[in-house]
Amino acid sequence: MIKRNLLVIGLATLLSACGFQLRGTGDVQFALKELDVSARDAYGDTVKLVRKVLQNNDVHVYSGAPYRLVLSREQENRRSASYTSAARTAEYELTKTLEYEIRGSKNILLMSDKLEVQSYYSQDNNNLIGGDQEAAQIRKEMDRELIQQLVLRLQQVSPDQLDQLQQTAEAKAKAEADALEAARQQQAAQPQQSPIQLPIPAQ
């Protein structure tokens with residue numbers, strides 16, 4: 001438990017409300033210089049912090065940018081990790097996930113991924129307020145770690161890579177549309193057979 005808490009404390013120092021630094025670096029370098037950022041929860045803390053991190057590192061974040069980062073889903077799960085001798089939960093495991101997409105022109109999906117972090121906190125039934133405060137602090141630190149993972153992924157994305165993905169996706173969509181149209185035309189060209197009329201037996 002001590003090691004886990006030390007890890008969480010260490011992660012907390014990597015991000016702060018006024019700035020962001022990756023491990024062992026001063027500034028974060030992005031090949032992408034323009035990006036739109038949106039989320040299902042448009043006013044959530046995560047999307048606000050992602051925008052701030054990008055802007056603080058010279059990425060122009062605005063609606064109508066060539067590519068759009070979509071934070072499509074955030075989820076948190078909690079489960080009991082250990083129990084006391086009285087069969088009460090002594091420790092909880094928290095798992096937080098963040099799913100994201102990068103979309104291009106015509107809202108075409110270019111790439112998607114899922115990030116995940118886990119942490120633990122103790123539950124002292126004699127100090128519930130303290131346990132709740134620890135859990136709230138750990139949740140904030142986990143959010144920051146998710147954003148750090150996201151920034152690391154975005155660092156590896158270049159405009160050239162997205163342009164190639166865009167071209168591939170458009171070519172695939174065109175091929176599928178052409179195949180559907182060809183099938184439709186072939187079906188339309190086939191003569192429609194009249195239904196077979198059976199003779200009506202005489203009464």
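Author: Leu115 is buried, with a relative accessible area of 0%. Keep in mind that this is a predicted model.

Reader: Where does Leu115 lie, and what does Leu115 touch?

Author: Leu115 lies in strand β7, residues 109–122. Leaving out residues up to four places away in sequence, Leu115 touches Lys96, Thr97, Leu98, Tyr100, Leu146, Gln149, Leu150 and Arg153. There's also Glu99: 16 residues away from Leu115 in sequence, yet the C-alpha atoms are 6.3 Å apart in space.

Reader: Thr97 is on that list. Is Thr97 buried or exposed?

Author: Buried. The relative accessible area of Thr97 is 8%, and the cut-off is under 20%, so Thr97 gets the label. You'll find Thr97 in strand β6, residues 89–103. Among the residues Thr97 touches are Arg73, Lys114, Leu115 and Leu146.

Reader: Which residues of α2 are buried?

Author: Thr46, Val47, Val50, Val53 and Leu54.

Reader: And what makes you say they line one face of the helix?

Author: Look down the axis of α2: the buried residues fall within an arc of 125°, so they line one face. As for what follows α2, that's Asp58, with a positive phi near 65°.

Reader: What makes you say that Arg78 lies over the face of Tyr92?

Author: A charge counts as over a ring if CZ of Arg is within 6 Å of the ring centre and within 35 degrees of the ring normal. Arg78 is put over the face of Tyr92, at 3.9 Å from the ring centre.

Reader: How many aromatic pairs are there?

Author: Zero, by the rule used here. For a pair, the ring centres would have to lie within 6.5 Å.

Reader: What about the whole chain: how many helices and strands are there?

Author: Four helices and seven strands, in the pattern α-β-β-β-α-β-β-β-β-α-α along the sequence. Buried residues make up 34% of the 203 residues. Of the contacts with a separation of 6 or more, 68% are between residues 24 or more positions apart.

Notes. Residues numbered from 1 in each chain as written. Predicted model: local features only at pLDDT ≥ 70, side-chain atom pairs only at ≥ 80, totals over all residues. Heavy atoms only, no water. Phe/Tyr/Trp six-rings, centres within 6.5 Å; stacked < 30°, edge-to-face > 60°. Buried < 20%, exposed > 50% of the residue type's maximum accessible area, 1.4 Å probe, protein only. Helix = DSSP H or I, 4+ residues; strand = E, 2+ residues; numbered from the N terminus. Arc of directions from axis to C-beta. Contact = heavy atoms within 4.5 Å.
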